[in-house]
Amino acid sequence: MDLELAGTELKSVLNRLRRAQGQIAGVIRMIEEGRDCEDVVTQLSAASRALDRAGFAIIATGLQQCLTDTDGDGKSSESREEMRTRLEKLFLSLA
């Protein structure tokens with residue numbers, strides 16, 4: 001299952017990943033500076049949410065593509081059960 005993100009989807013995912021990247025850099029800086037544990041955990045939680053949302057956006061796009069992509073004869077290149085299993089595994093990887 002190859003993933004192709006459209007312009008707006010790609011921009012949204014990249015923005016979320018960049019936000020997470022900045023938050024992770026902030027967490028590292030906070031730890032190096034000996035900042036308060038609660039502040040560090042709060043920032044780490046925000047980074048985790050940003051990564052999760054980016055992952056879910058990618059999976060949702062993949063699911064949409066799987067439901068609409070077919071070969072020329074109207075049949076999916078992989079069985080519905082194989083597709084379901086793969087998508088379920090992806091969702092569970094973010095849980």
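**Figure 1. Contacts across the whole chain.** Among contacts in the protein chain between residues at least 6 apart in sequence, 71% link residues that are at least 24 apart. Keep in mind as you look around that this is a predicted model. How many helices and strands does the protein chain have? There are three helices and zero strands, and reading from the N terminus the elements follow the order α-α-α. Of the 95 residues in the protein chain, 21% are buried. The protein chain exposes about 6900 Å², with carbon and sulfur atoms supplying 54% of that area.

**Figure 2. Confidence along the chain.** The protein chain has a mean pLDDT of 80, and 78% of its residues reach 70 or more. Which element has the lowest mean pLDDT, and which the highest? Helix α3 (residues 80–93) has the lowest, at 76, while α1 has the highest, at 89. A friendly word of caution goes with this view: where pLDDT is low, the predicted coordinates should not be read in detail.

Figure 3. Find A20 in helix α1. Is A20 buried or exposed? A20 counts as buried because its relative accessibility is 1%, and the cut-off for buried is under 20%. Leaving aside residues up to four places away in sequence, A20 touches A47, A50 and L51.

Figure 4. L10, L14, L17, I24, I28 and L51 together make a nonpolar surface patch of about 440 Å². Helix α1 (residues 7–32) gives the patch its largest share, five residues. One of the patch residues is L17, which sits in helix α1. L17 counts as partly exposed because its relative accessibility is 35%, a value that falls between the 20% and 50% cut-offs. L51 has a place in this view too, as a member of the patch, and you have already met L51 as one of the residues that A20 touches.

Figure 5. Side chains of opposite charge can pair when their charged atoms come close. How many salt bridges does a search of the whole structure find? The search finds one. In the pair shown here, R35 forms a salt bridge with E33, and their closest N and O atoms are 3.9 Å apart. R35 counts as partly exposed, because its relative accessibility is 42%. E33 is exposed, because its relative accessible area is 51%, and exposed means over 50%.

Technical notes. Residues are numbered from 1 along each chain as its sequence is written. Side-chain values use heavy atoms; hydrogens and water are left out. Patches are made of residues with over 30% relative accessible area and no salt bridge: like charges are joined within 9 Å, nonpolar side chains (Val, Leu, Ile, Met, Phe, Trp, Tyr) within 5 Å. Accessible areas come from the Shrake-Rupley method with a 1.4 Å probe; for residues, only the protein chains shown count as cover. A salt bridge is a side-chain nitrogen of Lys or Arg within 4 Å of a carboxyl oxygen of Asp or Glu. Helices (H or I, at least four residues) and strands (E, at least two) are DSSP runs, numbered from the N terminus. Buried means under 20% relative accessible area, exposed over 50%, partly exposed in between (1.4 Å probe, protein chains only). Contact means heavy atoms within 4.5 Å. pLDDT is the predictor's confidence in each residue, from 0 to 100.
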